[in-house]
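Let's walk through this structure together, starting with a backbone detail and then moving on to the RNA.

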Amino acid sequence: MLDIKFIRENPDMIRASIKNRNIKLDIQEVFDLDSERRKVLVEVESLKAEKNAISKKGKPDQDIIDKMKALSQKIADLDSKVEEIDKKLGNLLLYIPNIPHNSIPIGGPENNKEVKVWGKVREFDFKPKTHIEIGEDLDILDFPRSSKISGSGFCLFKGLGALLERALINFMLDLHTTKHGYKEIFPPFLVNRASMTGTGQLPKLEEDMYRLKDDDLFLVPTAEVPVTNMHRDDVLDESDLPICYTAYTACFRREAGSYGKDTKGLMRVHQFDKVELVKFVKPETSFNELEKLLNNAETVLQKLSLPYRVVMLSTGDISFAASKCYDIEAWAPGIGKNLEVSSCSNFTDFQARRANIKYRTKDRKLEHIHTLNGSGIAMARTVVCILENYQQKDGSVIIPEVLRSYMGGREKIVKEQK
RNA sequence: GGAGAGGUCGCAUAGUGGUCGAGUGCGGCGGUUUGCUAAACCGCUAUACGGUUGAAAAGCUGUAUCCAGGGUUCGAAUCCCUGCCUCUCCGCCA
């Protein structure tokens, strides 16, 4: 969330931000409530000062008690007025998005800017199959059974398919911990409401999340939530920054409202595996750290030799909490599409303010830190790309070299004999 | 799930209705002393939200905060209720 003082002093910037994001949001009420709040606060605080002064004097006589009763009543009335305003204002503030960084294009998705293309798209001398066909032919993906077990939008990996998934997770974690300097975290997959609010999924996206009603817990939509909230309400020391974590979790998304769009196969599933990268950094370094984080995510695709492009998202396309965001899209020749396999964002102090994460500077001041995260990377769609890019005419799939040591030295996925 | 104990300033602890404007110790910061280090001594020591002075840095001032939310009272860290968390024991369980 944004600082109310910042909003108060920069109304034009907030309005421009909302307009550029193409969001309908009237913020006049924020200014009205803010000035109303301060007015009432002055009144009630002076009454409280009076009350404190009297009660400090010790046992009072009857006259004073009567006066105090009236005073207390007045204070209670004004307090509830302030509380009501606070509630309204706080709620409005949760719906004001972060300010987009001035380096990103203004406009809708059509203004997204391709900033990099890597790898060579493979030429096929046969008609490439989709991952669904490949997976079924090799008996490593089983969609009819996942539907039977859980319904549509799930997947079941079998045999070498399951092993491939596990190999990818281990490969990515090893890469980020040993080569990129991230510390591995294995967090809870269920988180409370405060955590979901801290990273900005709530209140806006509640219907996208799986919720356990009896306990008011949510299934994590990304490791970003538990890992960022590790430091909720913490004061970090400047000398500890940057803090870099990587974490594997399964990710759970209801994907409400996206029926019919990319729903075939593994492209959009309710549960998928992801290795996430999360950073806590000093404000002045955050945009530089975003470039590094993007690089770390790209390295995964480079090591897998999967062609991809990097897109800088425009103001109308970045997420609510982000100030700047790059998407990495890998090429899937079977379905003939670029698939988003990573999204790397700098949230500046937006999450830190919500989650109350600060650091103490060398001269002993407290400041909100900047948080960043990115997928490094998402498994399901990466499996799609591997199967479709590495498929052979005979129906087998070559295993990318970096994964072989994680798959018992195998070089190929072929149909296993029963 | 059942029974009990507990949650106070960075840490440790004191505080059972009004001198609590939360004490003390440790730690931290600044200083005195010192050839250096240690010790000793002195001072300081949170956050949020307001008001106000100032160009700013900062200062002055008010309110809130003793896990959270309610309640009792003229007055709550202190009494009552609910929730959350931690610890001990029991039960159940991979």
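Begin at threonine 348, which sits in the loop between strand S11 (337-346) and helix H11 (350-355); helices (H or I, at least four residues) and strands (E, at least two) are DSSP runs, numbered from the N terminus. This is a predicted model, in which local features need pLDDT of at least 70, side-chain atom pairs count only at pLDDT 80 or more, and totals for chains, interfaces and linings use all residues. Residues are numbered from 1 along each chain as its sequence is written, while chains are lettered from A and ligands numbered from 1 in the order in which they are written.

Most residues other than glycine have a negative phi, and most peptide bonds are trans. Threonine 348 has a positive phi, near 45°. Threonine 348 counts as buried because 24 C-beta neighbours lie inside 10 Å (buried means 20 or more other C-beta atoms within 10 Å of its own, exposed 12 or fewer, and partly exposed in between, with C-beta atoms placed from the backbone). Asparagine 356, in the loop between H11 and strand S12 (358-360), also has a positive phi, near 55°. With 14 such neighbours inside 10 Å, asparagine 356 counts as partly exposed.

Now look for a cis peptide bond: one joins leucine 202 and proline 203, with omega about 5°. Proline 203 belongs to the loop between helix H8 (193-198) and strand S4 (211-212).

Finally, turn to RNA strand B. Among the 20 residues around it, Lys48, Ala49, Gly58, Met68 and Ser72 come nearest; a residue is near a strand if its C-beta atom, placed from the backbone, lies within 6 Å of it.
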